[in-house]
Amino acid sequence: MANVLVVAEHVDGQLRKVTLSAITFAQEAAQLTGGDVEVLVLGSGVDGVAEELSKYGVSRVLYADDAAFQNYLAEYYAPAIVACAQQTNATIVCSPASTTGKDLLPRVAAGLEAGMVSDAIDVFDDGGMKFRRPLWAGNVITTVEVTTPNKVVSVRTTDYDSAEPTGDTAPVESWDAGLESRDDVEFVSFDQVKSERPELTDAEVVVAGGRGLKSGENFEMITALADVLGGGVGATRAAVDSGFVPNDWQIGQTGKVVAPQLYFAIAISGAIQHLAGMKGSQNIVAINKDPDAPIFQVSDYGLVADAFEVVPELTEKLKSVVE
Amino acid sequence: MKILATVKRVTDPDMKVKIKPDQSGVVTEGVEYKMNSFDEYGVEEAIAIKEEHGGEVVVVSVGPSESTKELRTAMAMGADRAILVETDEDLDSDAVARVLAQIVEREEPDVIVMGKQAVDSDRNQTAQLLASYLDWPQATFAFDVEIGDGWATVGREVDGGTATKRIKLPGIITADLRLNEPRYASLPGIMKAKRKPLDTLTPDELGVDVAPRVEVLKFEAPPEREAGEILDDVDELIDRLKNEANVL
Ligand SMILES: Cc1cc2nc3c(=O)[nH]c(=O)nc-3n(C[C@H](O)[C@H](O)[C@H](O)COP(=O)(O)OP(=O)(O)OC[C@H]3O[C@@H](n4cnc5c(N)ncnc54)[C@H](O)[C@@H]3O)c2cc1C
């Protein structure tokens, strides 16, 4: 039996929703292998996350509660996942293509002698299992085949809906990773950007600003609009590099990928590296004072206008509309 | 301290790639190439580490013979010598990592600095695979690197904020975009680079089988988005979002 193992992602015992998209991917892959979907949770105090995950139509949830897993380190997580995959007959191991997934999964692939697919957007059967993935900043989609018996996949979660609770619960089992400690790596700190707003990758509405906003203070315009719509906030690399906003806000080829219902690109030129992170949005609104800005090539609705004038106006008027 | 940095020759990231009619790859005629942007940050960091701690910077590329151009650029920036592992095949990340592992065995560097991803294949795997094959610790997506007492303390850009990790050397660091400002090659630097040593090897000579674990079968263009409409004012925008897109 060729099972599919999903490595869950959580922050301090809070499930990250991207995991549910990875489960949907795993369910599709398991249809092709004929095996089960099992989930592995590594951490400290994660029995709650494990219980929660048991509701999403998976066959079993394993969790390894160990102080050594409290803070994520690839050097500890990877060998545990490799051991778990081997013990559970998983031939596919997957996880979201988050920064953790990107850091971790290649090490898992090396341990399983597996080929790895980055950013999978599709898995299907066509004379054998095939995957599709974007590259070249999303300007090319390739179809690939993994030639090794084991396969490791990072999942582009914007291309998969979240798995839904089924009403049933799967067995939840504690699992011993048999961890060996190392003296060549230490976790120091995780400085979380605290925010009341929805996570960018989950938000239904994303309001993003670019270098044209000229300062961090002016980003209050962006956050005010986002807050009226209950949205997340994002930015271009140029805005992050200029020190206007934290790196965690960067959307694009080398930042986050988002695909909300509604995306506002404000004072953003529309470089291909930025488009790579937001082109999948359902509705794109662009506000830019330059009528030739490339962002208008991909936007559904455009306003050629000064952001400093129209964004406050839009925010004010939307307040009464969304009430 | 011996520092190894890696360099990949990639298509100019600001040019739109075109796909061959037979879907076997991207069009290469008339295309400009340059050093992968993330590798520029990696090479810069390697040179900065040398400037602070002394030692030698060796740059390595795995790719076609034309990659000597990017290796010369790295040497013009300040790297001391270069190694090209020549292949005309488009290797997968795993093959590149196994080739690099052989180079590491020969060179025995104290630290390796690599770009976090290549802007053409966008895989973000090679450094982590290499670290795993060497059983070295890794610090990916670095925006800050401090080296001292045989350890590297690395600030990392991660989802949700930033993280700090310490790795004992030898170890691998991958560069993110805010790590430094890559220097330009100076004219004297370019002249000097022409005389710096550049060795060429092949995967065969290193005893590495480069057969892919991930085979690329087909290249396609993604569906195009159509440009929409330019609206008159905020009122019209709200009206359309509400009554046409139904998102308010
Ligand atoms: C390797 C690499 C990776 C990259 N990765 C990413 C990535 O992940 N994400 C990303 O975003 N970028 C990325 N980039 C950078 C990308 O190429 C662009 O430089 C960047 O997206 C530009 O950001 P911007 O649109 O904010 O700035 P600019 O291109 O400077 O555009 C500013 C825009 O604001 C408009 N403007 C100015 N003032 C106003 C006003 N008052 N009202 C309205 N409009 C105004 C201007 O007309 C202009 O269009 C990457 C680049 C490289 C080389």
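Visitor: How do H4 of chain A and H4 of chain B pack?
Guide: Helix H4 (residues 99–112) of chain A packs with helix H4 (residues 126–134) of chain B at an angle of about 45°. Their axes are 8 Å apart. Helices are DSSP runs of H or I, at least four residues; strands are E, at least two, all numbered from the N terminus. Axes are lines fitted to C-alpha atoms, for helices over the stretch in contact, with angles from 0 to 180 degrees between N-to-C directions.

Visitor: What's the source?
Guide: It is a predicted model, where local features need pLDDT of at least 70 and side-chain atom pairs 80 or more, while totals for chains, interfaces and linings use all residues. Residues count from 1 along each chain, chains are lettered from A and ligands numbered from 1 as written, and side-chain values use heavy atoms, without hydrogens or water.

Visitor: Which residues of H4(A) touch H4(B)?
Guide: Among them are Lys102(A), Asp103(A), Pro106(A) and Arg107(A). H4(B) brings residues including Gln128(B), Leu129(B) and Tyr133(B). Contact means heavy atoms within 4.5 Å.

Visitor: New topic. What's the strand order of the sheet?
Guide: E7-E11-E6-E1-E4-E5-E12, in chain A. This open sheet of 7 strands has parallel pairing. Pairing takes at least two DSSP bridges.

Visitor: Which strands stand at the edges?
Guide: E7 (115–120) and E12 (172–174) of chain A. Each has a single partner strand, so one side of each lacks a neighbour in the sheet.

Visitor: How many bridges join E1 and E4 of chain A?
Guide: There are 4, between residues 3–7 and residues 37–43. Val7(A) stands opposite Leu40(A) in E4(A).

Visitor: Which strands does H3 of chain A touch?
Guide: Helix H3 (residues 74–87) touches E1, E4, E5 (60–65) and E6 of chain A. Its direction makes about 150° with that of E4(A).
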